[in-house]
Amino acid sequence: MLSVMEWPAQSPDLNPIELLWEQLDRMVRKKCPSSQSNLWQIHKLCDRVASSTLLEDRRDAVRALKSLSKKYRMEVGTQAMDHLINILQTDRSDSEILGYALDTLYNILCNDEEEEQDENAQKQSDDLGAQFTEQFVQDPEHVTLLLTLLEEFDFHVRWPGVKLLTTLLKNQGVQVQGIILVSPMGVSRLMDLLADSREVIRNDGLLLLQQLTKSNAAIQKIVAFENAFERLLDIITEEGSSDGGIVVEDCLLLLLNLLKNNSSNQNFFKEGSYIQRMKPWFEIGDDNSGWSAQKVTNLHLMLQLVRVMVSPVNSPGATSSCQKSMYQCGLLQQLCTILMATGVPADILTETINTVSEVIRGSQVNQDYFASVNAPSNPPRPAIVVLLMSMVNERQPFVLRCAVLYCFQCFLYKNQKGQGEIVATLLPSTIDANSISAGQLLCGGLFSVDSLSNWCAAVALAHSLQDNLTQKEQLLRVQLATSLGKPPVSLLQQCTNILSQGDKIVRRGSKVQTRVGLLMLLCTWINNCPIAVTHFLHNQENVPFLTAQISENLGEDERLVQGLCALLLGICIYYNDNSLENNTKDKLKQLIEKRIGKENFVEKLGFITKHELYSRAAQKPQPVFLSPEQMLFDHEFTKLVKELEGVITKAVHKSNEEEKKEEEVKKTLEQHDNIVTRYKELIREQDTQIQELKEQVGSMSSQSEQMQTTVTQQLSQIQQHKDQYNILKLKLGKDSQPNSQGEGSQVNGLQTEELTQLREEVEELCKQRALLQTQLGDKDTLKSSLTSETAESSAGGSDDTEMLKELEGLRSRVQSQLAEINQMKSERQELLRRAEAGSSEAVSSSDGAVDAAKMAEVESRLAAQTTEMERLKGEAQSLSESRAELDQQLAAATSTVAILQTEKAKLQSEVQDSKKEQDDLLMLLADQDQKIHSLKQKLKDLGETVDDEDDLDCRDQTDEDYEDEDED
């Protein structure tokens, strides 16, 4: 009866004959034929593979070699490897023989054995696999041939090819990576495996890419730019994210390979908005009981992936950018939800705390958000308080307490606001008796009987004071009640009391650990704080205790305590302001020389850096210790030791005369620095004034340009009005030429041809007038003759009388018409000429009624033309007024421009005066710099270290001033 082979779900069916061959192989193994017969059989099979012309014979021979390859790896590998590679090159058309050949090579090269072996056998197996792998990859074309075979879609070719290439990468990773890297489309062919619909090939392709991307940044970049992030995140989502199986784990491992220590891929991951796609991974339900081992593994890798993006070893800019993205997309909020949830496994909770620590480290926005997170308790408590309760609780797991300490350190890193809030919980005015504060927990841990709690609380409190002089001085106000009936003591005094009691207090754990923690706290506290140094030295017992500890010959465990005591005493010397007569710098150095010895003191001080745990703690900020006893150094404290060790050594070796000279030089330098500072401030003020004047000149120039633009616009408007005015005059001239005389007075603006035409019309009218006057003379002659005839006849007839009356009436009408024509001539000469011509024509008519009608028509036309001329006069008057207004505006604008030009000239003269003053000041600064340089040279000759930052700053400022002058 055949047993059913275990196989992953949804895998394609194998050829049923393979099951039978597997059973046959096992039966052959049980019989264990002799080595000679096996060698002869393998030799015959190799001959068949090499010499047989029939494909079926070669296929059967390769199948037989496959069955022998697992148990007789050395024999098959030695004799058949070249023949199998030849099969891969020549029999590409038959997928079955290719599959057998690939399986056989895999069995030869693979070191994974199904049966358990002892250590020596396993080592021999590994050496054998490495040997055959090295033989296989000697020719790069063999690896290229495998990459070509991966393009075959047939399952029996592609799957063994993937496994074989994975084995090659495991055994000879660097060499195979180099071959794949230079192979055309090599990485792209392997990336195509992720798109295979057969899950077995896709999953083994993930394992292959894991081996391919190990420790090779170039391949990592190529894989990332082959859209690996998109494909892997899609697979993780399809498989159920954190609830998925081992495929999710493989994807996460590959992502870690691509992103860890690869800034280019990290930036590509961030810019591609893939951080936002990580948020759904951390969405957990209310019921967190019964987490599977696979889910714990997956979530652990997901948290590691977040930490890779915000690791402290990354560049600060990239880390800050990723922290900002994680806050904006809600990933930090989701992590804080897991942090405060119940039922989360301990290792996941620990890793979540570490992840949150690095997401908030150095980011003010994220730190402020974390400070606002409250635990779901009644009453609600801040998350910081809840975490500190775990840190000082000795029943909590060691790794969890280390993670909480790291979280607290990251919360206070470059966060002076958070430091102030923590110290404020220790001050008397802010203590709330009804609630537990962070300060109370730190004090409780500091004075606990558990040495690990002492150390963690001391380091946490030291981080609350790191590089914050204000909080160091504030913490000096903290008073502690020791017992009933006794006055309270300061926190500083209580720390020194516990330190001096030493072995008298019964503690759980390492006593050295407690003393180291307290000494690190005191060193951080009084460093660069003369007031704290004075408070420490004010207690008469502290200095004798330190000298006694340093001068004793203690064991190996106590050497570190001696080194820290020496460091503490050295800080008291270096930052001593000599305010206490009994503990001045000179007296402390004399005390060291008498009771300890300078050389011995320096030797004890060097015990700190020579300790084996010092270098481990200096490597990275996160406290990682194998056991609680190794928890001695803090990362930030190692930086402080490195900074102070050389300074304290020099301070102890200096003599009184050297110190006096140094003090004098320092005072002189301070005086010169003060002078330079004043000149710098004066120059800055003048620079500010010059800048303001420049801004004013610029604003006035812009205003002047605006006014000039306005004037130009107004001039253009005036020109437009002139053009319109001329056009109106032209139109008026054309309309009134046949009807009006007044138009003759406005011909100045018309063209020459029109003027000539008008002159011709005037001459014609003058001729008509002369004709009319001739006719009037004829009529006068006729009248005279008629009068003489009337006089001769004594009694004329009724006809003559009527004729005389008619002549008299006609004469009177002509006279009246002449009067009217003369009157109109005074108003419009051209019109009068036309009217006279019309009246002459009327007189020449013999019909009186017709003459009267013509005269009435002439009068009406004259009246209409007079009205039109009055209207045109009004429009011309309005245009003249608007032109006058525009002229006034132009005059005002011109005066404004003149004023602005005058002010600009004044400002330019002031700028020139300021530049002259600045040149004088720069000459003074140059003299001061020369003096300072000589004094510093004297200091250097005396063997003192001189900081050139002020000098460089002054030179930089001078260079900037010269650059500003060049620009002006």
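Biologist: Is Arg 307 buried or exposed?
Modeller: Arg 307 is buried, with a relative accessible area of 13%. Buried means under 20% relative accessible area, exposed means over 50%, and partly exposed is in between, with a 1.4 Å probe and protein chains only. This is a predicted model, so local features need pLDDT of at least 70 and side-chain atom pairs count only at pLDDT 80 or more, while totals for chains, interfaces and linings use all residues. Residues are numbered from 1 along each chain as its sequence is written, and side-chain values use heavy atoms, with hydrogens and water left out.

Biologist: Which residue forms a salt bridge with Arg 307?
Modeller: Glu 351 does, and the closest N and O atoms are 3.0 Å apart. A salt bridge here is a side-chain nitrogen of Lys or Arg within 4 Å of a carboxyl oxygen of Asp or Glu.

Biologist: Where do Glu 351 and Arg 307 lie?
Modeller: Glu 351 is in helix α18 (residues 346-360) and Arg 307 is in helix α15 (residues 293-309), so the pair ties together parts 44 residues apart in sequence. Helices (H or I, at least four residues) and strands (E, at least two) are DSSP runs, numbered from the N terminus. Glu 351 is buried too, at 8% relative accessible area.

Biologist: How many salt bridges does the structure hold?
Modeller: There are 20. One of them joins Glu 558 and Arg 515, with the closest N and O atoms 3.2 Å apart. Glu 558 sits in helix α30 (residues 556-574) and Arg 515 in helix α27 (residues 511-526), so this pair ties together parts 43 residues apart in sequence. Both Glu 558 and Arg 515 are buried.

Biologist: And what does Arg 189 form a salt bridge with?
Modeller: Its partner is Glu 151, at 2.8 Å between the closest N and O atoms. That pair links distant parts of the chain, 38 residues apart. Arg 189 is in helix α10 (residues 186-191), and Glu 151 is in the loop between α7 (140-149) and α8 (155-171).

Biologist: Which residues are linked in a network of salt bridges?
Modeller: Arg 59, Asp 60, Arg 63, Asp 94 and Glu 96.

Biologist: New topic. How many residues has the largest nonpolar core?
Modeller: It has 211. A nonpolar core is a set of buried Ala, Val, Leu, Ile, Met, Phe, Trp, Tyr and Cys residues joined through side-chain atoms within 4.5 Å. Those with the most contacts inside this core include Leu 165, Trp 281 and Phe 370. Helix α21 (residues 398-412) gives the most to this core, with twelve residues.

Biologist: What is Phe 370 in contact with?
Modeller: Leaving aside neighbours within four places in sequence, its contacts are Cys 336, Leu 339, Val 356, Ile 360, Ile 384, Leu 387, Cys 407 and Phe 411. Contact means heavy atoms within 4.5 Å.

Biologist: Which residues make a nonpolar surface patch?
Modeller: Leu 181, Val 182 and Ile 222 make one of about 250 Å². Patches take residues with over 30% relative accessible area and no salt bridge; like charges are joined within 9 Å, and nonpolar side chains (Val, Leu, Ile, Met, Phe, Trp, Tyr) within 5 Å. Areas come from the Shrake-Rupley method with a 1.4 Å probe, and for residues only the protein chains shown count as cover. Leu 181 is in helix α9 (residues 173-182). Leu 181 counts as partly exposed, at 35% relative accessibility.

Biologist: Backbone next. What is phi of Asp 467 near?
Modeller: Phi is near 55°, a positive value in a residue other than glycine. Asp 467 is in the loop between α24 (451-465) and α25 (469-475), and counts as exposed at 66% relative accessibility.

Biologist: Last one. How many helices and strands are there in the protein chain?
Modeller: The chain has 41 helices and four strands. Of its 968 residues, 45% count as buried.
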